[in-house]
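Here is a briefing for a first look at this structure. It goes topic by topic, in short points.

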Amino acid sequence: MVVLEVPFGPQHPALHEPIMFRLYVEGEQVVKVMPNIGYNHRGIEKLCEQNLFVKNLYICSRVCGICNIIHSTAYTLVVEQIQKNDPPPRAKYLRVVANELERIHSHMIILAIMAEVLGFDSLFMLMMRDREQVMRMKEMLTGNRVLGDYLIFGGVKRDVDEEKKNRILKTLDFIEERMKYYKKVFTEDPTIRKRLVDVGPITKTEAMKHCLVGPTARGSGVKTDVRKEDPYDAYDEVPFNLITYDECDSWARMMVRIDEVFESINMVRYCLTHLPDGPYGPKVLKRALPKGEGISRVEAPRGELIYHMISEGKRIPYRVKIRTPSMTNIINGLVAFKNAVLADVPAIITSFDPCIACMERVEVIDIRNSKVWYPTLRQLAGGKR
Amino acid sequence: MSIEEILNKLGLEFQKMRDRRYVVYVDKGVLKEKIKELSDIVNNELYLSNITAIDRPEDNIFELCYNIWIYGKGLVSMRTKIDRSNPVFESIQDMFPGAFAHELEVHDLFGIKFEGVDNLWEPAFKPEDMKGVYPLRKDWKVKK
């Protein structure tokens with residue numbers, strides 16, 4: 001049969017971010033996929049090598065819009081490793097609260113997008129409505145709905161009081177009720193099951209060989225979670241279960257996320273009720289970056305996120321390497337398209353929770369004279385060209 | 001078996017960066033072999049977390065850094081040094097097909113060639129007019 005090349009993206013109704021896949025199809029069956037990337041690469045690693053390490057905190061938290069707190073957590077941890085700076089216990093608990101709230105809304109958004117991809121527009125809208133409550137909780141805690149900028153070297157920037165604590169706990173009860181309903185929908189609805197069960201299978205060995213991380217790997221039965229294996233902040237004190245599913249298909253990957261939302265709700269409850277007393281931020285902000293090296297691993301909503309930083313003792317880091325989870329999940333996860341049907345491609349891609357902004361990390365292109373240049377943070381902040 | 005015991009068994013000298021982080025410098029000729037041996041000792045219970053390069057123009061080398069996570073144990077950062085004027089290294093995609101994404105990034109942004117595979121292309125992450133320009137090298141300066 002003739003093999004046809006079908007472009008999928010970079011602008012496509014089922015893709016919310018710019019990436020292109022060249023699908024080679026034989027009839028309806030996909031025989032080969034090649035990714036075409038680079039639409040969103042902003043050179044953040046190079047930008048980090050040119051700015052003060054304090055400013056990089058704000059650059060790194062802008063790598064991704066949805067999971068910005070986890071990026072600032074990873075960057076803060078790597079700087080704290082080099083500075084040998086340990087945050088107070090209260091700050092560690094508050095960081096867990098912020099990160100888990102982020103995980104809840106990140107998982108809710110991908111569940112909602114999956115509903116939309118499958119044709120359930122009302123389910124998408126209901127989930128996005130409920131997700132807004134989580135964004136409000138995040139605003140209460142960090143001061144912002146989306147970009148938190150909550151962390152600082154040696155602690156966090158804001159504390160919670162009793163009033164906020166009670167309101168967050170009350171909203172969590174509401175979210176838990178709603179998620180129980182959505183779990184029922186994803187488990188029992190015949191259309192959702194038909195579109196997801198046995199679609200895009202990845203075996204456990206394939207997941208390990210192809211370096212998949214996070215819910216994508218856990219949906220294939222790989223018992224990996226940075227929070228359990230390599231605990232950071234207060235994760236070694238907060239009880240939670242590692243969720244894995246052995247079905248290895250798109251449905252399993254979505255169910256891992258639903259169950260993780262329940263775990264995250266319990267973790268936020270535990271942290272808020274067991275919040276240690278004491279300071280929440282550093283007394284004095286350390287402004288020196290000694291010579292050294294650090295590697296921090298954290299569990300982002302999409303999987304393991306690594307920051308590797310090398311400092312030569314100057315205030316500007318020598319090298320900052322960012323490896324985001326979508327980088328491996330999207331490029332290496334193409335193995336799941338083997339023998340897939342063309343109509344299933346959007347569902348499989350959505351089941352990886354793609355985050356292209358994360359994957360490709362600012363260059364500015366002046367459209368008047370096609371000039372490409374890389375600005376410093378000061379130039380960006382000043383708004384000058 | 002702890003990571004220290006595994007690395008001693010492999011006959012590798014290591015530095016402990018902190019808990020669950022180990023740095024190992026190996027010769028470029030034996031890196032692939034050592035990763036294979038490491039994989040056999042832990043029954044393939046590991047995965048390649050990332051590959052990155054560190055540019056050291058003053059020493060005329062690239063440091064290639066293979067970060068390997070051994071499930072439940074810790075991270076081994078295997079490093080080797082390659083010549084900066086002729087940056088070629090062997091690919092490990094036959095061992096870990098997942099190395100593709102990482103090798104593609106290093107190939108595209110550092111200009112390091114990986115032998116034994118033909119699936120890496122340029123420019124992948126860069127804009128189209130940046131072919132042959134490697135922005136993460138230290139001698140590539142941002143135009144102000």
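This is a predicted model: local features need pLDDT of at least 70, side-chain atom pairs count only at pLDDT 80 or more; totals for chains, interfaces and linings use all residues.

Residues are numbered from 1 along each chain as its sequence is written, while chains are lettered from A and ligands numbered from 1 in the order in which they are written.

**Helices H6 and H11 of chain A**

- Helix H6 covers residues 162–188 of chain A and helix H11 covers residues 250–273. Helices (H or I, at least four residues) and strands (E, at least two) are DSSP runs, numbered from the N terminus.
- The two helices pack at about 160°, with axes 10 Å apart. Axes are lines fitted to C-alpha atoms, for helices over the stretch in contact, and angles run from 0 to 180 degrees between N-to-C directions.
- H6(A) and H11(A) are therefore roughly antiparallel. That term is for angles over 145 degrees; under 35 is roughly parallel, 65 to 115 roughly perpendicular, and the rest oblique.
- On H6(A), the contact residues include A:Leu172, A:Met179 and A:Phe186. On H11(A), they include A:Met255, A:Phe262 and A:Arg269. Two residues are in contact if their C-beta atoms, placed from the backbone, lie within 7 Å.
- The contact of H6(A) with H11(A) has 15 nonpolar, no polar and 4 charged residues. Ala, Val, Leu, Ile, Met, Phe, Trp, Tyr, Cys and Pro count as nonpolar, Asp, Glu, Lys and Arg as charged, and the others, Gly among them, as polar.

**Helices H5 and H6 of chain A**

- The axes of H5(A) and H6(A) come within 10 Å and cross at roughly 160°. That makes H5(A) roughly antiparallel to H6(A).
- This crossing, of H5(A) and H6(A), is left-handed.
- Among the contact residues are A:Met127 and A:Val134 of H5(A), with A:Thr171 and A:Phe174 of H6(A).
- By class, the contact of H5(A) with H6(A) holds 10 nonpolar, 2 polar and 4 charged residues.
- A:Arg136 lies in helix H5 (residues 121–142) of chain A. A:Arg136 counts as partly exposed because it has 14 C-beta neighbours inside 10 Å. A residue is buried if 20 or more other C-beta atoms lie within 10 Å of its own, exposed if 12 or fewer, and partly exposed in between, with C-beta atoms placed from the backbone.
- A:Arg136 and A:Thr171 are 35 residues apart in sequence, yet 9.4 Å apart in space, C-alpha to C-alpha.

**Sheet S1-S2-S3 of chain A**

- Here 3 strands form an open sheet in the order S1-S2-S3, with antiparallel pairing. Two strands pair if DSSP finds at least two bridges between them.
- The edge strands are S1 (3–8) and S3 (29–36) of chain A, each pairing on one side only.
- The twist averages 25° from one strand to the next.
- S1(A) pairs with S2 (residues 20–26) of chain A over 6 bridges. A:Leu4 stands opposite A:Val25 in S2(A).

- An open sheet of 3 strands runs in the order S6-S7-S8, with antiparallel pairing.
- S6 (291–300) and S8 (319–323) of chain A stand at the edges, each with a single partner strand, so one side of each is left without a neighbour in the sheet.
- The twist averages 10° from one strand to the next.
- S6(A) and S7 (residues 303–312) of chain A pair over 10 bridges. A:Gly294 has A:Met309 of S7(A) as its bridge partner.
- H12(A) lies across S6, S7 and S8 of chain A, at about 125° to S7(A).
- In H12 (residues 325–332) of chain A, 8 of the 8 residues are buried, so the helix is largely enclosed by the rest of the structure.

**Chain B and its contact with chain A**

- 30 residues of chain B are in contact with 32 residues of chain A.
- S3(B) gives the most to the side of chain B that touches chain A, with 6 residues.
- That side of chain B divides into 17 nonpolar, 8 polar and 5 charged residues.
- S3(B) is mostly covered, with 10 of its 11 residues buried.
- S3(B) pairs with S4 (residues 61–70) of chain B in the antiparallel sense over 10 bridges. The bridge partner of B:Ala53 in S4(B) is B:Leu64.
- The hairpin of S3(B) and S4(B) has 4 residues between the strands, and B:Asn60 takes a positive phi near 55° in this hairpin.

Key. A crossing is left-handed if the near helix is turned anticlockwise from the far one by less than a right angle, and right-handed if clockwise.
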